[in-house]
Amino acid sequence: MSEDQRWLTAAASLAARARPLSRPNPGVGAIIVRGAEVVARGWTQAGGRPHAEAVALEAAGEAARRATLYVTLEPCAHLSTRGPACADLVSASGVARVVVGCGDPDPRTAGQGIARIQAAGIACDLVPSPACEESLSGYLTQARHGRPHVTLKLALSLDGCIALASGESQWITGDAARAHTHAVRARADAILVGGETLRRDAPRLDVRLPGLADRSPERWVLTRGAAPAGWCALASPESLGTMEGVQYLFVEGGAGAAAAFLAADAVDRLLIYRAPLVIGGGRPGVGDIGLASLATAHGRWQLTDRRQLGLDTLEVYARQG
C-alpha cells in the first residue's frame with residue numbers, strides 16, 4: 001500500500017465517527033500530515049457542519065502550512081448559508097498538497113473543488129481509494145441510484161433457519177453477535193423489518209449499547225398499509241427513493257422482507273451471523289426470490305470480511321456489479 005493509500009485509509013476509518021450524526025451530509029474524514037506526523041484530524045460534525053476539512057484545518061492552525069491534507073471526499077466548491085466552501089478554506093490554508101480519495105458526484109462540486117485548489121497553486125491529486133468509497137457508500141449510492149445503501153442482516157443456524165417451526169427465535173446468536181448488530185444499528189439512518197415480524201415480535205429495534213442509546217435509527221416497516229405510531233411505512237423495495245434523508249438502511253427481517261429486497265436487487269451488503277446449531281425443520285432465513293437458474297446466482301456476492309463473535313461467525317458480503 002502506498003503512503004497516499006495508507007493515509008486515505010486512515011481518514012476513511014476516521015470518517016466512521018461521523019455516522020449517522022452528519023446526516024443529511026456525508027460522513028467525511030480528514031487528516032493533516034507533515035512528514036510522518038499527524039498534525040490534526042477531523043470528521044464531519046453533527047448536522048453536517050462544520051465539514052471534516054474545516055475541523056482539521058482549525059485544529060492545525062499554522063501547523064497546516066506546508067503539510068499534506070488527506071480527505072476522503074473532494075472538498076465542496078459551492079456556496080452555502082451554513083458555512084464557507086471547503087475548497088476556499090483549503091486554498092487559503094497554506095497546505096502544500098491535498099490528496100482526495102473520492103471525487104464528489106454532486107454537480108455543484110464535481111471536479112470544481114479540486115480545480116479551485118489547483119488554481120490556488122496547491123498540488124491536488126485524486127487518488128481513488130476503495131476504503132474512501134466504502135466509507136461514503138451511503139452518499140454515493142444516493143447520488144448514483146437515488147436510494148439508500150442497503151445492508152441486509154440474517155442471523156441463521158447452520159442449516160439456514162431464523163427460527164423454530166413455532167416461530168421462536170430468541171436467541172439464535174449469542175451476546176457478542178447481538179452486540180455487534182447493535183453497533184451496526186448505531187451507524188444506520190433507518191432500520192426496517194417486515195410487517196409480519198412487526199406484528200409477531202413487536203421488536204424495539206433500538207441501540208442498547210452503553211453510551212449509544214441516542215444513536216437508535218428511524219424505525220420503518222415494509223407494508224402497503226399504515227405504519228403504527230413511531231414508525232414509518234415503506235410500500236416496497238422499489239420505493240426506496242422515497243426515504244428522504246436516509247443514506248444507510250439496515251434491513252433486519254424477516255424472511256419475507258429479506259426475499260423482497262433480494263428479489264428487487266436492492267441489497268448492497270449482506271451481514272450473515274451464523275450460530276453453531278442445527279434446527280432442522282425451522283423457518284428459513286430467506287423466502288422465495290424468484291431465482292430460475294443457479295447459473296444466474298453465481299458471482300453475485302464477494303466475501304469481504306469474516307470474523308468470530310464469541311461462538312458465532314460473521315460473514316460480510318458485498319454485491320458485485
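## Two domains

The C-alpha centres of domain 1 and domain 2 lie 32 Å apart in this predicted model. The domain assignment of the protein chain places domain 1 at 3–140 and domain 2 at 147–319.

## The interface between the domains

Contact between the two parts involves 13 residues of domain 1 and 12 residues of domain 2. Together the domains bury an area of about 1,200 Å² between them, and carbon and sulfur atoms give 40% of that area. On the side of domain 1, Arg 19, Pro 20 and Arg 23 supply 53% of the area buried against domain 2, which is more than any other three residues contribute.

Polar and charged interactions also link the domains. Between domain 1 and domain 2 there are 9 residue pairs in polar contact, counted where both residues have pLDDT 80 or more, and the count of salt bridges between the domains is 2. Arg 23, one of the three residues named above for their share of the buried area, also meets Asp 189 through its side chain in a salt bridge, with an N to O distance of 3.8 Å.

## The cavity

A search of the whole structure for cavities of 30 Å³ or more finds 1, and the volume of the largest cavity is about 40 Å³. Its lining is made up of Arg 19, Pro 20, Ser 22, Arg 23, Asn 25, Gly 27, Asp 189, Gln 247 and Tyr 248, and by class these residues divide into 2 nonpolar, 4 polar and 3 charged.

Technical notes
Residues numbered from 1 in each chain as written. Predicted model: local features only at pLDDT ≥ 70, side-chain atom pairs only at ≥ 80, totals over all residues. Heavy atoms only, no water. 1 Å grid on protein atoms, 1.4 Å probe; cavity = no way out; pocket = protein on both sides within 12 Å on 5 of 7 lines; lining within 4 Å. Points joined across faces, edges and corners; volume = space filled by probe spheres on them. Nonpolar A, V, L, I, M, F, W, Y, C, P; charged D, E, K, R; others polar. Domains from an automatic or database assignment. Contact = heavy atoms within 4.5 Å. Buried area = accessible area lost by both parts, 1.4 Å probe. Salt bridge = Lys/Arg side-chain N within 4 Å of Asp/Glu carboxyl O. Polar contact = N/O pair within 3.5 Å; in protein donor to acceptor, adjacent residues only side chain to side chain.
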